[in-house]
Amino acid sequence: MDLFKPVVAVDKQHENFKRTSVPSRRAEREIVEGWAQGFPDRDNKLGREFQTTFNSSFWEIYLHALFREYGFTMDWSHASPDFHLKTEYGEVVVEAVTANAADGATPEWEKVRLMTEEVARKNFWPLNREAIIRLSSALLSKLRKYRDSYRRLPHVGGKPFVIAVAPFEQPDFQYQYDRPMRALLYDDYVDETAYFRDPDTYKEGPPSVQLSSVEKDNGATIEMGIFGNDDWAEVSAVLFSCVATWGKTVAMSSVPKPGYVAASWGTDSSGRSEMRRASIGVPSEGISDGVQIFHNPHANRPLSLDVFRRHGVVQHYLSPEGRWIRENYDGCLQFRLTQGIGLIDEKKS
């Protein structure tokens, strides 16, 4: 399957597909093509969807490469859910989804500034609020799909069910790290806006606060902490990454180009970070860097911590003593920026 051989008219091609199809992107395209090797086009529309909608197909191709890197066997004998993994710690089923822009909102590929004014002022609440709302919608759609059909499939029953979600819901989505997801799943919101407004008050870093709920523009409310009881017990965990974007192919490329990749990496268990900079062409990331696993403490079928455990992959889970653990905070990728090559969706300051 040649992902980048046009199969639709130019006016039907997604803006991200057009931008990544230019000659200067050849090295990155080869990485994506490598990710897709062995990924079957089970419904004969992957290539077309990759060129017309891009993000959802890109996310599935990335997940395929991630699972292959882990050494999992993937059973393709069933049409759904998206992935049936066979690991040394048991079988797992994974359904992929992306959080997308609301109707009428600016999509991420129409970003016209380095960052929005609010993010530039370090007011992250508007970004995180929108992410919470759109992530909630994406996750709920897959919970309903599981209840309506997946749970009755013989190859699904009795196995951990993981929703793999990537956020593409707004131009600055890469800045969210784990803030919206922690609030949505555990009602644990890291209030960076409060910290940057008055850092002297918060000597230990941004405070964690309980939001209880978030109000949508139409007045409806979304309850926070959906993993706080057994209402979502069918979902074993959420796999998430806000940095599984085209910028990862730039960070993984070994072909030199003018420019650099700068990224924020965790340095200790508190979440403190440092910026690291590498020239483009000097690989600075692995494929699993930036992945986070949010475990559901009330899951009917818990996901073993060993399935996705590796350096740099953050796992959020409740210890037997009732303490929240964020494993690998000290070596995780938080966000990245690329400069000198014109990637609109990866420009940061």
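Author: The model is predicted. The chain holds nine helices and 15 strands. Its radius of gyration is 20 Å, close to the 20 Å that the globule rule gives for 349 residues, so the chain is as compact as a globular protein of that length. Along the principal axes, its C-alpha atoms fill a box of roughly 55 × 50 × 40 Å. Of the 349 residues, 55% are buried. Of the contacts between residues at least 6 apart in sequence, 71% join residues at least 24 apart.

Helix α4 covers residues 55-70, which makes 16 residues. From its first C-alpha to its last, α4 reaches 23 Å, close to the 22 Å expected at 1.5 Å a residue. The helix is mostly covered, with 12 of its 16 residues buried; a residue counts as buried when its relative accessible area is under 20%. The buried residues of α4 include Phe58, Trp59, Tyr62, Phe67 and Tyr70. An α-helix has 3.6 residues a turn, so residues three or four places apart point the same way. After the helix comes glycine 71, with a positive phi near 90°.

Definitions and conventions. Residues numbered from 1 in each chain as written. Predicted model: local features only at pLDDT ≥ 70, side-chain atom pairs only at ≥ 80, totals over all residues. Heavy atoms only, no water. Helix = DSSP H or I, 4+ residues; strand = E, 2+ residues; numbered from the N terminus. Rg over C-alpha atoms; globule rule 2.2 N^0.38 Å. Buried < 20%, exposed > 50% of the residue type's maximum accessible area, 1.4 Å probe, protein only. Contact = heavy atoms within 4.5 Å. Expected span 1.5 Å × (residues − 1).
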